Amino acid sequence: MSEQVFEATIAKDQRIEPRDWMPDGYRKTMIRQIAQHAHSEIIGMQPEGAWITRAPSLRRKAILLAKVQDEAGHGLYLYSAAETLGADRGDLTRRLIEGRQKYSSIFNYPTLTFADVGVIGWLVDGAAICNQVPLCRSSFGPYARAMIRICKEESFHQRQGYELLMTMMRGTQAQRDMVQDAVNRWWWPSLMMFGPPDAESPNTAQSMAWKIKRHTNDELRQRFVDMSVPQADALGITLPDADLRWNADREHYDFGEIDWSELKRVISGDGPMNQERIANRRRADEEGAWVREAAAAHAAKKQAVPA
Amino acid sequence: MSGEVKHEWPLFEVFVRAKRGLNHVHVGSLRAADHEMALHHARDLYTRRNEGVSIWVVKSDDVVASGPDDKDAFFAPSGDKAYRHPTYYAIPESVPHI
């Protein structure tokens with residue numbers, strides 16, 4: 001009975017809400033996906049956060065601060081959505097710190113120059129938008145609603161990045177070289193953000209059937225490549241792929257083979273920054289513990305003695 | 001859930017009025033030690049871009065909700081009361097302004 005209602009709701013393209021009956025697998029998949037997404041937003045504050053104190057102008061500093069604050073907000077919207085399924089955000093944070101839950105592999109790469117801030121906005125947030133726009137129609141209501149809010153804000157992220165890069169490209173040769181170098185380092189990891197190829201993505205079929213996912217990894221990756229090539233041309237940089245060319249038959253860009261062994265390595269913990277990212281998150285959690293406890297004690301005291 | 005001491009603050013539901021004249025609408029939840037902190041966090045989290053002119057926060061434990069299983073008992077009776085809708089009544093085309 002309940003299962004029929006669930007299947008019918010999905011079939012009619014309506015949303016599943018937290019108190020509805022749902023299969024255990026759906027609940028588990030949703031919690032895992034939302035938590036992984038939330039963790040990515042929170043860990044994602046670090047690569048760009050590293051440049052806040054070194055931003056080259058007050059304008060860029062204010063923009064970067066607002067953007068990193070948005071990432072924190074996105075993480076919190078998502079933890080809030082995960083909690084509607086019975087997860088506990090303190091518990092999810094512990095799972096992240098203990099390496100039992102994952103976050104996006106992209107945040108395990110270092111930000112070496114200020115051009116990286118621009119390239120992250122353009123490519124990394126651009127790829128995130130490709131992934132996230134279809135998730136606004138995800139079958140789980142609280143997740144879909146959080147994604148709508150996030151996508152609205154994400155557009156600022158991508159545009160500030162591209163504008164930053166255009167500004168650098170109008171600067172000195174050294175600045176143009178810096179942009180090209182950053183693009184060379186971030187292009188392939190950005191393509192990996194869409195996950196393994198469809199043939200090696202065992203969960204995709206079930207997630208598509210449940211309408212948690214609306215497009216396959218390879219479809220979204222192709223869409224991202226098609227969008228990025230003209231943007232790279234307009235910027236005046238070269239994407240680091242000798243096989244990248246327009247295919248008139250497919251009406252898509254062909255692109256080179258992705259080094260999947262690198263993605264596997266980084267996901268399993270052996271990327272350039274994995275240890276530092278988690279160590280920072282752990283430190284923030286531990287050093288913030290007394291603040292959380294003090295606030296809770298203060299609230300308890302106030303409640304005991306009504307004003 | 002793990003057995004260790006939980007230091008999580010209680011959960012609050014957040015409602016935002018987008019502009020004067022509109023209802024407060026549920027936008028999500030957050031954790032805070034008390035109501036005052038919940039209000040401040042709600043401002044920082046849910047209204048970073050002029051999304052609202054007024055915020056309500058309510059402890060999630062204080063929300064009493066109908067469940068999906070109550071659906072029939074709660075909402076089915078209104079389904080067979082078609083006479084509550086204006087379109088139930090046939091009025092000749094010739095009668096103006098009704």
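View 1. The model is predicted: local features need pLDDT of at least 70, side-chain atom pairs count only at pLDDT 80 or more, and totals for chains, interfaces and linings use all residues. Residues are numbered from 1 along each chain as its sequence is written, chains are lettered from A and ligands numbered from 1 in the order in which they are written, and side-chain values use heavy atoms, with hydrogens and water left out.

E1(B) and E2(B) run antiparallel and are joined by seven bridges. Two strands count as paired if DSSP finds at least two bridges between them. Val14(B) has Gly28(B) as its bridge partner in E2(B).

**View 2. Three strands of chain B form an open sheet.** The order is E2-E1-E3, with antiparallel pairing. Which strands stand at the edges? They are E2 (24-31) and E3 (54-59) of chain B, each with a single partner strand, so one side of each is left without a neighbour in the sheet. From one strand to the next, the twist averages 25°. Strands of a sheet pair through backbone hydrogen bonds, either parallel or antiparallel.

Strand E1 (residues 11-17) of chain B is joined to E3(B) by six bridges, and the two run antiparallel. Phe12(B) has Lys59(B) as its bridge partner in E3(B).

**View 3. Helix H1 of chain B lies across the sheet strands E1, E2 and E3 of chain B.** The helix spans residues 35-46 and runs at about 110° to E2(B). Axes are lines fitted to C-alpha atoms, for helices over the stretch in contact (heavy atoms within 4.5 Å). Angles run from 0 to 180 degrees between N-to-C directions.

View 4. The closest N and O atoms are 3.7 Å apart. A salt bridge is a side-chain nitrogen of Lys or Arg within 4 Å of a carboxyl oxygen of Asp or Glu. Lys302(A) is partly exposed at 39% relative accessible area. Glu36(B) is partly exposed too, at 49%. Buried means under 20% relative accessible area, exposed over 50%, and partly exposed in between (1.4 Å probe, protein chains only). Over all chains, the structure holds 26 salt bridges.

**View 5. Glu48(A) and Lys67(A) form a salt bridge in chain A.** The closest N and O atoms are 2.6 Å apart. The pair links distant parts of the chain, 19 residues apart: Glu48(A) is in helix H3 (residues 45-49) and Lys67(A) in helix H4 (residues 58-83) of chain A. Are these two residues buried or exposed? Glu48(A) is buried, at 2% relative accessibility, and Lys67(A) is buried, at 0%.

**View 6. Two residues of helix H4 of chain A, Glu71(A) and Gly75(A).** Glu71(A) is buried, with a relative accessible area of 6%. Leaving aside neighbours within four places in sequence, Glu71(A) is in contact with Glu41(A), Met45(A), Glu48(A), Asp125(A) and His157(A).

Gly75(A) is buried at 0% relative accessibility. Not counting residues up to four places away in sequence, Gly75(A) touches Ala38(A), Glu41(A) and Ile42(A). Gly75(A) and Ile42(A) are 33 residues apart in sequence, yet 5.6 Å apart in space, C-alpha to C-alpha.

**View 7. Asp181(A) and Arg185(A) meet in a salt bridge.** The N to O distance is 3.1 Å. Both residues belong to helix H8 (residues 173-192) of chain A; they are four residues apart and therefore separated by about one helical turn. Asp181(A) is partly exposed at 33% relative accessibility, and Arg185(A) is partly exposed at 25%.

**View 8. Six residues of chain B make a nonpolar surface patch.** They are Tyr83(B), Tyr88(B), Tyr89(B), Ile91(B), Val95(B) and Ile98(B), and the patch covers about 660 Å². Patches are made of residues with over 30% relative accessible area and no salt bridge: like charges are joined within 9 Å, nonpolar side chains (Val, Leu, Ile, Met, Phe, Trp, Tyr) within 5 Å. Accessible areas come from the Shrake-Rupley method with a 1.4 Å probe; for residues, only the protein chains shown count as cover. Ile91(B) lies in the segment after helix H2 (71-79) of chain B. Ile91(B) is partly exposed, at 45% relative accessibility.
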